[in-house]
Structure formats: C-alpha cells, structure tokens
Amino acid sequence: MSKRKAVYASKIKRAVHMLFYRRHAKPGVKGWELRKALGADYPKVLSILDEYLKPLDLQVKTVFEEGEKPQSEKPTLEELDRARFYITLRGELTPKEAKMIGWRIDDLAGLAITIAYIISKKGKAPRREVEELLREKLPGWKTSLNIDRYIRYGYISQDENQQLYLDWRTRAEVDQKALIDLLLSK
C-alpha cells in the first residue's frame, strides 16, 4: 500500500470512529471537529467513506443548521465546518424492518403527519393545531404523548410560545421532498 493510501485509510478509520460513536448529546460530528481530527481534506475523506458505505445502504449525510443553507450547489469549507455530519440509511426501511425500531405504525404515521404539517406551514406550527390534527387520526390521549416523544427523540423542537419546528433528526433522516411528494401523490 502506498503511503498516500495508508494515510487516507487511517483518516477513514478515524472518521468512522467519530461518526459511528456518539460523543455528545446529539449524534453526528460538526465539520470543524472533523477538520481538526482529519485535516483540511476531510470532505474528500468523507466522500471516500461514503463510497465504502454504499453497499451497506448507509451514507454520510451533511446537515446544515436551520437558516444556514449553502449559497451555492457546492458548499465552501467554511460552510461545511458549521454543518453536522451523520451516518444515515441511504435507502428506505421496509415495513417489516420498520417494526424493529420499536415504534408502532400509528406512531410513525403521526410523526409523518406532524412533519408534513410543519413543512406545509413553512417550518413552524402551533402545537395546538398539530394536536388537533393528530386527534383526527389517533386516540386523543396519545397525541400529546406522541408530540413529547417526537421532541425527546429530536424530530421536532418546541419554543416557549408552543411553536413546533423541525429539528436535527428530521433534517438528517427524513427526505422532506420525498415525503411531501409521497403524500401528494396518494
């Protein structure tokens, strides 16, 4: 193995350790942390890692903070330093696999309804409206519990004015455009 390949193999190994093992309250790693550990060429290291993960149906996902979308198609190193990187599924779960995550199908449907409603309201919605919407499809006693659960798992967040927003996990795991297209096509 050439010296260059050995360097990249070592960097990929470090990137895997940083991305797979949770070190903070939120999973994933900030770009500046990767730059500090791997060097300025960390986007190339992540690109190579992403190719290795492809046969496993996993991907390295870049998530920009809310309101910090990159100016162009190809983000700058500065923009990437502020982004967070995750390992997520590349494809979709089958219904049988979805059972293994421990959520009931109606809880998942409630999450999809909640996310779609918040997207339709341009990124924020009053909690009261979301609860009323969920009560039409789910038992009333479950709506508040489910919303608290979605907040606890990082799919949505809530401010002091009872407004709900999409949170880091939705931005990392949910293809929002595909969700809306799927809901509108039925």
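Which residue in strand 6 is the bridge partner of lysine 124? In strand 6, that partner is tyrosine 165, and the pairing around these two residues is taken up again below.

## Basis of the description

The structure is a predicted model, in which local features need pLDDT of at least 70 and side-chain atom pairs count only at pLDDT 80 or more, whereas totals for chains, interfaces and linings use all residues. Residues are numbered from 1 along each chain as its sequence is written, and side-chain values use heavy atoms, with hydrogens and water left out.

Strands (DSSP runs of E, at least two residues) and helices (runs of H or I, at least four residues) are numbered from the N terminus. An open sheet of 3 strands has the order 4-6-5 with antiparallel pairing, where two strands pair if DSSP finds at least two bridges between them. Strand 4 (124–126) and strand 5 (156–158) are the edge strands, each pairing on one side only, and from one strand to the next the twist averages 30°.

Strand 4 is joined to strand 6 (residues 163–166) by 3 bridges, and these two strands run antiparallel; besides the pair of lysine 124 and tyrosine 165, proline 126 has glutamine 163 as its bridge partner. Strand 5 and strand 6 are likewise paired in the antiparallel sense, over 3 bridges, with isoleucine 156 standing opposite leucine 166. The hairpin of strand 5 and strand 6 has 4 residues between the strands, and in it glutamine 162 takes a positive phi near 65°. Helix 7 (residues 127–135) lies across strand 4, strand 5 and strand 6, and runs at about 75° to strand 4.

## The sheet of strands 1, 3 and 2

Another open sheet of 3 strands has the order 1-3-2, again with antiparallel pairing. Strand 1 and strand 2 stand at its edges with a single partner strand each, so one side of each is left without a neighbour in the sheet. Helix 1 packs on this sheet and touches strand 1, strand 2 and strand 3, its direction making about 80° with that of strand 3.

Strand 1 (residues 29–30) is joined to strand 3 by 2 bridges, the two running antiparallel, and valine 29 stands opposite phenylalanine 85 in strand 3. Strand 2 pairs with strand 3 in the antiparallel sense over 6 bridges; here valine 60 has isoleucine 87 of strand 3 as its bridge partner.

## Helix packing around helix 3

The axes of helix 1 and helix 3 come within 9 Å and cross at roughly 75°, the axes being lines fitted to C-alpha atoms, for helices over the stretch in contact, with angles from 0 to 180 degrees between N-to-C directions. By class, the contact has 12 nonpolar, no polar and 3 charged residues, where Ala, Val, Leu, Ile, Met, Phe, Trp, Tyr, Cys and Pro count as nonpolar, Asp, Glu, Lys and Arg as charged, and the others, Gly among them, as polar.

Helix 2 (residues 31–38) and helix 3 (residues 42–53) have axes that come within 9 Å and cross at roughly 95°, and are therefore roughly perpendicular to each other. Gly31, Leu34, Arg35 and Leu38 of helix 2 make the contact with Tyr42, Val45 and Leu46 of helix 3, a set that by class has 5 nonpolar, 1 polar and 1 charged residues.

## The largest pocket

The largest pocket has a volume of about 1600 Å³. A pocket is taken on a 1 Å grid over the protein atoms alone, as an open set of points where a 1.4 Å probe fits, with protein on both sides within 12 Å along at least five of seven lines, and lining residues have an atom within 4 Å of a point; the volume is the space filled by probe spheres set on the points, which are joined across faces, edges and corners. Of the 39 residues that line the largest pocket, Leu89, Glu92, Leu93, Glu173 and Val174 are the closest to its centre.

Among the elements that give two or more residues to this lining are helix 1 (3–20), strand 2 (58–63), strand 3 (84–89) and helix 9 (168–173), while helix 6 gives the most, with 7 residues. By class, the lining has 27 nonpolar, 5 polar and 7 charged residues.

Note on methods: Parallel < 35°, antiparallel > 145°, perpendicular 65-115°, else oblique. Contact = heavy atoms within 4.5 Å.
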